[in-house]
Amino acid sequence: MSELLAWAWIFALPGLVLTASGIPKDQKRAGYASLPGPVVLLVIAAIAFAQGTEASVTYLNWLPFLADGAFRSLADPLSALLLAILGFVASLVYLYSLGYMADDPGKRRFFVYLDLFVASMATLVLAGNLAVLLIGWTGVGISSFLLISFWRDKPGTLGAGLQALAANAIGDGALLLAASIVPSGCGALVTLHTAECTRNPGGAEFLALLLFIAAAAKSAQGPLYFWLPNAMAGPTPISALIHAATMVAAGVYLLVRTHALLALAPNTMLAIAAVGVATALAASVASYFQANFKKGIAYSTVAQLGYMFAAVGVGAPFAALFHLFTHAAFKALLFLAAGIVIHGAAGREGLLDLRGLGRFFPYSRWGFLIGSLALIGMPLITAGSYSKDSIIEAGLEKQPIVGWLLLGGVILTGLYIGRLFSIVYLAPANDPHTVHRDPDIERPMNWALVPLMVGAVAFGWLGSYLVGHLGDTAGEIEHVPSLINLSLPGLAAFALGAIGFAIAWWLSQRAPAQAAAPASADTSYGAATWVRAIADAGYAVSSGLARVQSGVLPRYAFGSLLAVAAIVLVRVSLR
Amino acid sequence: MSSETLVLATSAMLFAVGAAGALLHRHPVAMLMAVEIMLNAANLLIVLGARVRGGADAEAAALIVLVLAAAEAVIGLALALAFFRRRTVPDVNEAAEIRG
């Protein structure tokens, strides 16, 4: 199956072509042609992972100007796992979108963009070298932009999409630089750490730093976090698939994939850990002060990605990968559950508007509860506890400060998710008449939640299974997660999370209005200032360069002549 | 002076004349003619190469250049015609609306 999986980037393309050319014709069934793509991806990836085989596809000299310009795709257990996660969440999001986008005139366009995203993400995951990685990396960025700005007439969506594009461009630039500085013949991701490949001016540290910048931009870490909360302007299924479960996890995937290179770069590792911890804590605080339901969950995603980065930074890539795996299930669950309430409230996302409306949607309510428990890490019965405990234990063991900070951060997790749950799902409804319910539309959305609920509970038990099949693709695995995880740090983390949850509930009871719309809502950490500064600098450069394009034909002719003369001179003098 | 040198010098001179014409003229048709002169200068060089090397491949290339020049003239003259229809003064420097 691995041989087939190495071509997985093609799987979503037939659906893309069919849906884009208007098949099936009936607007009601638009998007049906896209449905098989992710399901096929899930099945083949899961079988390939279970078989544990490895396959690769190589076409040499495909991009001859790069150090390693071959087209390399690699289907090993690590990429099979990532593709299975992608197929799993994407299948459910497609199903969910049939309901969520049922009345949207742009439904067809929506599914075409979704297919484009799945194809790009599969390219990213299968990439065997930096050249192919760059294609997938840029592809998911572009489809993310298209989907954030999907409702382009709604004010603010285009700006939010452009922000995502700008942040991703920083990462793309770092990746392109990395692909350019590696010595000739290098670029395969699994051999980046070898002695001949780290022989560039900056050595392994510089190469690792570039990959870290690329990963931080994609995963919204450190100062590059700003685009993710604003990306919530897109439809909710997109928030679940792209901006929670898969694309933003690509940064973590890249760092896990190149863990051998990172091991040679202790300073970069330290930076990754520091940025991860700082982001986890700052984003948790920011989440608590959001007045918008989806932005609250988005900051939670930033925080959880911070946990994963911290795990990579302390040298526990498997713990990061494990958390990526479980997080994909429970964060997609949280988003999709939230989406049902938002859809029922005619697209309103403010916590004041949504207060108490969750109680009318039982699937959403249970889904959000299970997702919240997984997020704060309830031992034994939620997946989140297994993976988060692995991270905290690895932190305590290797970098105690990191471990203690991550452990303490769980109380913030409890606070912010408890606040969201109390306001939307526990509080009495302000005005129940604002809820619109349509069982036909709700049905696919409810169905999509059920497998995610199962995943948010059961994925944690798969820890030792993953270890057995991953081999050495995710680094050396020191602690195999057990089936019964009643360790002291894990219990302490859950206790802190539960305390935070209870405090949030109590606060939302005492001052409901204040909890839903906090007065001190500025938690941007000054991002607007420096984003604006970069935008201004870019504008200055481009308006300066634009003057070259004067439109005066003789000037162009003179320029061409000068260029020809220069080329002739260089050729002659080199002879 | 050998005949090869003479042809070389003629070709270089023709190219210089053509380049100067393309740079200095502001009338679209005059610029097109200057470009044709440059193409012919290059063609002369190719024919000279064909004579020296004695192969048919370079002569074929010269024919291709002729076809290219004809095609270029068709597109260029069509552009010039469209330009005349919109403007009273045939000055290429005026056609700079989409600059920058």
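A:Pro24 sits in the loop between α2 and α3 of chain A, and a cis peptide bond with omega of about -5° joins A:Ile23 to A:Pro24. This is a predicted model, where local features need pLDDT of at least 70, side-chain atom pairs count only at pLDDT 80 or more, and totals for chains, interfaces and linings use all residues. Residues are numbered from 1 along each chain as its sequence is written, while chains are lettered from A and ligands numbered from 1 in the order in which they are written. Helices (H or I, at least four residues) and strands (E, at least two) are DSSP runs, numbered from the N terminus.

**Around the cis proline**
- Buried here stands for 20 or more other C-beta atoms within 10 Å of a residue's own, exposed for 12 or fewer, and partly exposed for anything in between, with C-beta atoms placed from the backbone.
- A contact needs two C-beta atoms, placed from the backbone, to lie within 7 Å.

**Chain A overall**
- Chain A has 25 helices and two strands. Its radius of gyration is 24 Å, close to the 25 Å that the globule rule gives for 575 residues, so chain A is as compact as a globular protein of that length. The radius is taken over C-alpha atoms, and the rule is 2.2 Å times the number of residues to the power 0.38.
- The C-alpha trace of chain A spans about 85 × 55 × 45 Å along its principal axes.
- Of the 575 residues in chain A, 56% are buried.
- If you take the contacts in chain A between residues at least 6 apart in sequence, 80% join residues at least 24 apart.

- The expected span is 1.5 Å times one less than the number of residues.
- In α6(A), 15 of the 19 residues are buried, so this helix is largely enclosed by the rest of the structure.
- Helix α25 (residues 553–574) of chain A has 22 residues and reaches 32 Å from its first C-alpha to its last, close to the 32 Å expected. The number of buried residues in α25(A) is one, so α25(A) lies largely in the open.

**Helix pairs in chain A**
- Helix α7 (residues 157–181) and helix α8 (residues 203–218) of chain A cross at roughly 155°, and their axes come within 8 Å. That makes α7(A) roughly antiparallel to α8(A). Axes are lines fitted to C-alpha atoms, for helices over the stretch in contact, with angles running from 0 to 180 degrees between N-to-C directions.
- For those angles, under 35 degrees is roughly parallel, over 145 roughly antiparallel, 65 to 115 roughly perpendicular, and the rest oblique.
- Residues that meet across this pair include A:Ala167, A:Gly171 and A:Ala174 in α7(A), and A:Leu207, A:Leu211 and A:Ala214 in α8(A).
- Helix α14 (residues 293–313) and helix α18 (residues 383–398) of chain A pack at an angle of about 40°, with axes 9 Å apart. That makes α14(A) oblique to α18(A).
- Here A:Tyr307, A:Ala310 and A:Ala311 in α14(A) meet A:Lys388, A:Ile391, A:Ala394 and A:Gly395 in α18(A).

**Residues worth a look**
- A:Leu373 is in helix α17 (residues 362–376) of chain A. With 24 C-beta neighbours inside 10 Å, A:Leu373 counts as buried.
- Leaving out residues up to four places away in sequence, A:Leu373 touches A:Met378 and A:Thr382.
- A:Leu380, in the loop between α17 and α18 of chain A, has a positive phi of about 70° although it is not a glycine.
- A:Asn61 also has a positive phi, near 50°, and is found in the loop between β1 (55–59) and β2 (71–75) of chain A.

**Chain B**
- Chain B has three helices and zero strands. Its radius of gyration is 17 Å, well over the 13 Å that the globule rule gives for 100 residues, so chain B is more spread out than a compact globule.
- Of the 100 residues of chain B, 8% count as buried.
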